[in-house]
Amino acid sequence: MPKLRGEAFWRETLRSAHYVVAPMVDQSELAWRLLSRRHGAQLCYTPMLHAQVFLRDANYRRENLYGEACAEDRPLIVQFCANDPEVFVQAALLAQDYCDAIDLNLGCPQMIAKRDTFHSIVQPTYLSFQSFSVLLANEKLSVPITCKIRVFPDIDKTVKYAHMLEKAGCQLLTVHGRTKEQKGPLAGVASWEHIQAVRKAVNIPVFANGNIQCLSDVEECIRKTGVHGVMSAEGNLHNPALFEGRNPLVWEMAEEYLEIVRKYPCPLSYVRAHLFKLWHHTLQVYQQLREELAKVKTLEGIIDVNRELKLRCQEEIANQKEGEKPKEGLPFFHWICQPYIRPGPKERCRENGDSGTEKGARGKRALEEEEDGNSELLSKNKQKKKLRNPNKSFDPSLKPKYAKCDQCGNPKGNKCVFNMCRGCCKKRAFREVADCPGHGLLFKTKYEKSLSWQHSQRGIQTPEISQRGDAELGETAVLKEAGDS
């Protein structure tokens, strides 16, 4: 059967899904997807998978996708990150029989995506490669290709970017309404205005991502932007029943999730991370149990901590005074699933007792505070290192000396062809369209490969496809020029 496209793909294959669980690194595994589906989710994504590792590592494929089949886990979209179009397509070919579509992540600001240099970190740089990847996947795969992007500050540029992906063959576009800089304490509010502009401009289904903390947010987002569906990440992690419009007791969700994990095991780090999110507000009250949850080494141990948290909350409920209200400004008591509002940089400074800088960022401590190795003055991470290795010194004068980068003074790469650190080398290699094998930067090689492929395609394509390719190259040049400026 020919694969469905656009609206038909969303309506028939994805069953007109409105409520979507986002792809989350190490967090949207099978057990969590099944929990979310039981409580209103209509479509789920796998965690973001590394295409190159997926292609070469059979264990990675088995652990993340080839494990025990589950009929409940459909429709399902597998998401990849990649920095080589051909590697991405080869990995997608191995995954296509286990899902309903393949998603290319072009909007992830996490460190794994930074290392791949193929996402929102370098949107202006790799636009031609992104278009090339989508075009190649659309031709080779038997399932549709979808994309997830972040917005540019400029709405027009975001719309042009979406148009380029649509013309390359993207059949569904997820738009996260934040820029690549908006992450962590700088996340801020997602722009539904950008999402609305993309939805009006393209002829393929669009999902919105950002600002979703409860079911009313989902409904408002669909009403204001006109999107086909709404994706939730953090909102779903803190309340798996978000799409049901419920705020259940935390231990109900935790116990149900742990039962699913017994049937569909996953790494213990995933389980622990989920309970930290579910119990987030309660663990601020019971700090000792927070430490126990962090140290426990078995699933049974995690279940015991969860049981103890439940007993303490039930005891607190039994002793609750009539008319008592939630503390810390929470909408519900801490044992009820509810969103976590991430504090901004200014709020973090006030929490830490710092006056803050002009940008609202926390200032660094003076080096002399750390040089004596006093554990009370060391950061938590350094205190942990000190416990593991009591003889470790944090005196900067004892650190080995490295050759400096010609540009910024940071340690340079030993094999860098420009005698620079990786950051400076990356900028120069991009500017000059050059390669640096020492840092694994292959701008020239990949650019030539992309051009060679496009030229070869022009020789065998119909006039209509050739014209489309010319238009894509023109749009790529416009966006790249805007990115350089």
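**Exercise 1. Determine which helices each supply at least two residues of the lining of the second largest pocket, and which helix gives the most.**

Solution. Step 1: a pocket is defined on a 1 Å grid over the protein atoms alone as an open set of points with protein on both sides within 12 Å along at least five of seven lines, and lining residues have an atom within 4 Å of a point. Helices (H or I, at least four residues) and strands (E, at least two) are DSSP runs, numbered from the N terminus.

Step 1: helix H2 (30-38) and helix H4 (58-66) each supply at least two residues of this lining. The most comes from H4, with five residues.

Step 2: the model is predicted, so that local features need pLDDT of at least 70 and side-chain atom pairs count only at pLDDT 80 or more, while totals for chains, interfaces and linings use all residues. Residues are numbered from 1 along each chain as its sequence is written, and side-chain values use heavy atoms, with hydrogens and water left out.

**Exercise 2. State what volume the second largest pocket has, what lines it and where it lies.**

Solution. Step 1: the second largest pocket holds about 630 Å³ of space, where a volume is the space filled by probe spheres set on grid points that are joined across faces, edges and corners.

Step 1: its lining comprises 24 residues, of which Leu30, Glu63, Asn64, Leu65 and Gly67 are the closest to the centre.

Step 2: the lining divides into 15 nonpolar, two polar and seven charged residues. Here Ala, Val, Leu, Ile, Met, Phe, Trp, Tyr, Cys and Pro count as nonpolar, Asp, Glu, Lys and Arg as charged, and the others, Gly among them, as polar.

Step 3: domain 1 (6-110 + 127-244) and domain 2 (259-319) both give residues to the lining, so the second largest pocket lies between them. The domain bounds come from an automatic or database domain assignment.

**Exercise 3. Identify the buried residues of helix H13 and the helices against which they pack.**

Solution. Step 1: buried means under 20% relative accessible area, exposed over 50%, and partly exposed in between (1.4 Å probe, protein chains only).

Step 1: in H13 (residues 268-278), the buried residues are Tyr270, Val271, Arg272, His274, Leu275 and Leu278.

Step 2: these residues pack against H2, helix H11 (234-238), helix H12 (250-263), helix H14 (280-285), helix H15 (287-295) and helix H16 (299-318), contact being heavy atoms within 4.5 Å.

**Exercise 4. Describe the second largest cavity and its lining.**

Solution. Step 1: a cavity is a set of points where a 1.4 Å probe fits but cannot get out.

Step 1: H13 and H14 each supply at least two residues.

Step 2: the lining divides into four nonpolar, five polar and one charged.

**Exercise 5. Classify the aromatic pair of phenylalanine 80 and phenylalanine 88.**

Solution. Step 1: rings of Phe, Tyr and Trp (its six-membered ring) pair if their centres lie within 6.5 Å; planes under 30 degrees apart count as stacked, over 60 as edge-to-face and the rest as tilted. The structure holds 11 aromatic pairs.

Step 1: the ring centres of phenylalanine 80 and phenylalanine 88 are 6.3 Å apart with planes at 75°, so this pair is edge-to-face.

Step 2: phenylalanine 80 is buried at 0% relative accessibility, and phenylalanine 88 is buried at 1%.
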